[in-house]
Amino acid sequence: MATFVLVHGAFQGAWVWSRLARLLRQQGHDVYTPTLTGLGERAHLAGGAITLDTHIQDIVNVFHYEDIQEAVLCGHSYGGMVITGVANQIPGRLRALVFIDAFVPAAGESLIDVQGEGAAALWVAQAAETGGMIPPLSAALFNVNEADAARIDALSLPQPLGTFVQAVQGGIEAPALRALHRTFIFAGANGGDWFVSTHLRLKDHPDWRVHDIACGHNIMLDRPEELAARLLEETTR
């Protein structure tokens with residue numbers, strides 16, 4: 001039996017993992033799907049003061065209070081920023097990191113640094129008009145399958161700007177993380193050039209295992225069975 005901690009991306013919540021979590025639990029594994037502060041069922045806590053550090057602490061606290069050890073820690077999209085920060089704080093509680101069509105930041109890098117000046121200017125302008133919150137991006141932008149697109153748009157919520165502009169303190173190449181198994185799963189039909197450069201950078205890297213699943217950005221919705229199989233591979237490494 002393995003333990004999985006699944007961290008959702010921007011604008012979404014734990015609800016996005018329901019299919020995948022069910023598959024993993026049916027096979028006897030422990031699965032935690034925390035919702036980050038201000039999103040999903042924790043929307044009542046939303047506010048412009050929330051930062052990346054807030055979300056990192058959300059996940060660190062789950063590990064502490066649930067006494068989680070030897071976990072496969074997975075992050076989707078923005079969740080890659082979160083799990084990188086978490087891993088640098090509690091590497092001894094992890095066995096593997098899995099980035100699911102996700103950001104893989106270097107030390108001192110923010111999501112806005114990765115996305116570039118154009119995206120940064122747009123998000124800052126939007127947040128200035130909405131009390132520090134970025135409106136959710138549409139499901140169509142990420143090539144979400146037709147059956148799930150309306151639900152994604154209905155449940156997605158504004159994201160605090162501070163989560164995008166704050167840099168992660170320890171990057172993926174920190175010495176403490178080198179002993180962890182690291183995997184990147186690329187959504188080959190994710191609706192744009194999202195994470196293409198990350199895929200190219202890591203696919204031949206000797207310290208990484210890289211997979212390509214030809215579907216939209218929300219792999220856990222489009223291909224939950226295939227994603228579950230890839231995650232289960234981490235339990236046998």
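**A walk through the chain**

Of the 237 residues in the chain, 54% count as buried, where buried means under 20% relative accessible area, exposed means over 50%, and partly exposed lies in between, with a 1.4 Å probe and only protein chains considered. This is a predicted model, in which local features need a pLDDT of at least 70 and side-chain atom pairs count only at pLDDT 80 or more, while totals for chains, interfaces and linings use all residues. Residues are numbered from 1 along each chain as its sequence is written, and side-chain values use heavy atoms, with hydrogens and water left out.

The secondary structure of the chain comes to 10 helices and 8 strands; these are DSSP runs numbered from the N terminus, helices being H or I with at least four residues and strands being E with at least two. Along its principal axes, the C-alpha trace spans about 50 × 40 × 35 Å. A compact globule of 237 residues would have a radius of gyration near 18 Å, and the 16 Å of this chain agrees with that; the radius is taken over C-alpha atoms, and the globule rule is 2.2 Å times the number of residues to the power 0.38.

Contacts tell us how the chain is folded back on itself, and here contact means heavy atoms within 4.5 Å. Among contacts between residues at least 6 apart in sequence, 76% join residues at least 24 apart.

Not counting residues up to four places away in sequence, Leu 73 touches Val 5, Val 7, Ile 59, Phe 63, Ile 83, Val 86, Leu 94, Ala 96, Leu 97 and Val 98. Leu 73 and Arg 93 are 20 residues apart in sequence, and their C-alpha atoms are 9.6 Å apart in space.

We can now turn to the aromatic rings. A search of the whole structure finds 5 aromatic pairs, where rings of Phe, Tyr and Trp (its six-membered ring) pair if their centres lie within 6.5 Å, and planes under 30 degrees apart count as stacked, over 60 as edge-to-face and the rest as tilted. One of them is the tilted pair of Tyr 78 and Phe 164, with 5.8 Å from centre to centre and 50 degrees between the planes. Because Tyr 78 lies in the loop between strand S3 (71-76) and helix H3 (79-89), while Phe 164 belongs to helix H7 (residues 162-165), this pair ties together parts that are 86 residues apart in sequence. Tyr 78 is buried at 1% relative accessibility, and Phe 164 is buried too, at 3%.

Another pair is formed by Phe 103 and Phe 195, whose ring centres are 4.8 Å apart and whose planes stand at 75 degrees, so the pair is edge-to-face. Phe 103 lies in the loop between strand S4 (94-100) and helix H4 (111-115), and Phe 195 in the loop between strand S7 (181-187) and helix H8 (196-202), so parts that are 92 residues apart in sequence are tied together. Both of these phenylalanines, Phe 103 and Phe 195, are buried. Ring pairs also link Phe 11, Tyr 78, Trp 123 and Phe 164 into a cluster.

The loop between S4 and H4 also holds Asp 101, which has a positive phi of about 45 degrees although it is not a glycine, and which counts as buried at 0% relative accessibility. Asn 143 likewise has a positive phi, of about 55 degrees, without being a glycine. Asn 143 is found in the loop between strand S5 (133-134) and helix H6 (146-155), and with a relative accessible area of 38% this asparagine is partly exposed.

Helix H6 itself contains Asp 148, which is buried at 8% relative accessibility and touches Arg 19 and Leu 221, not counting residues up to four places away in sequence. Finally, Leu 23 lies in helix H1 (residues 18-26) and is partly exposed at 21% relative accessibility. Leaving aside its neighbours within four places in sequence, Leu 23 is in contact with Pro 224, Glu 225 and Ala 228.
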